[in-house]
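Here is a short briefing on one protein chain. Please keep the structure in view while reading.

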Amino acid sequence: SLENFNPNSQGETEKLADCERSIHKSIRNHARDGKFNAIFIHSSADEVISSIFLKCFKARSGALRDEVLVNESLIIALQLKTNETWRQNLLHRFKSEVFEESPAS
């Protein structure tokens, strides 16, 4: 749990790693019955959890993306507020870093 998360406290890096593993496992478990065609970022999601969620999809050359998302999936953030630019940035980063195919190296 990231309740009372303080990025400047000792042991917080391990909390982030545990959270990432938990989110990754949860995504894979929920996709057992088929791939997702959309991702909804709930209005209660905070910036830290959303960043970890994005990281799960970026890690390992998009392996999770390929495993759980159909081609041309959507990402939708509910209740975008003008003072929450991080939500808009999250959508842009998903588009450019997860959904856009990287050229072969």
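Glutamate 72 counts as exposed, because its relative accessibility is 78% and the cut-off for exposed is over 50%. The model is a predicted one.

**Glutamate 72**
- Glutamate 72 sits in strand 2, which covers residues 69-77.
- Its phi is near 60°. That is a positive value, in a residue other than glycine.

**Chain layout**
- The chain holds three helices and two strands.
- Along the sequence, their order is α-β-α-β-α.
- Of contacts between residues at least 6 apart in sequence, 75% join residues at least 24 apart.

**Burial and surface**
- The chain has 105 residues, and 30% of them are buried.

**Helix 3**
- Helix 3 runs over residues 85-99, a stretch of 15 residues.
- How far apart are the end C-alpha atoms of helix 3? They are 20 Å apart.
- Buried residues in helix 3 are Trp86, Arg87, Leu90, Phe94 and Val98.

**Cysteines**
- How many disulfides does a search of the whole structure find? The search finds zero.
- Cysteine 19 is in no disulfide. Its nearest cysteine sulfur belongs to cysteine 56, 7.9 Å away.
- Seen from cysteine 56, the closest cysteine sulfur is that of cysteine 19. The 7.9 Å between the two sulfurs is too far for a bond, because a disulfide needs the sulfur atoms within 2.5 Å.
- Is cysteine 19 buried or exposed? Cysteine 19 counts as buried, because its relative accessibility is 15% and the cut-off for buried is under 20%.
- Cysteine 56 has 1% relative accessibility, so it counts as buried.

Definitions and conventions
Residues numbered from 1 in each chain as written. Predicted model: local features only at pLDDT ≥ 70, side-chain atom pairs only at ≥ 80, totals over all residues. Heavy atoms only, no water. Helix = DSSP H or I, 4+ residues; strand = E, 2+ residues; numbered from the N terminus. Expected span 1.5 Å × (residues − 1). Buried < 20%, exposed > 50% of the residue type's maximum accessible area, 1.4 Å probe, protein only. Contact = heavy atoms within 4.5 Å.
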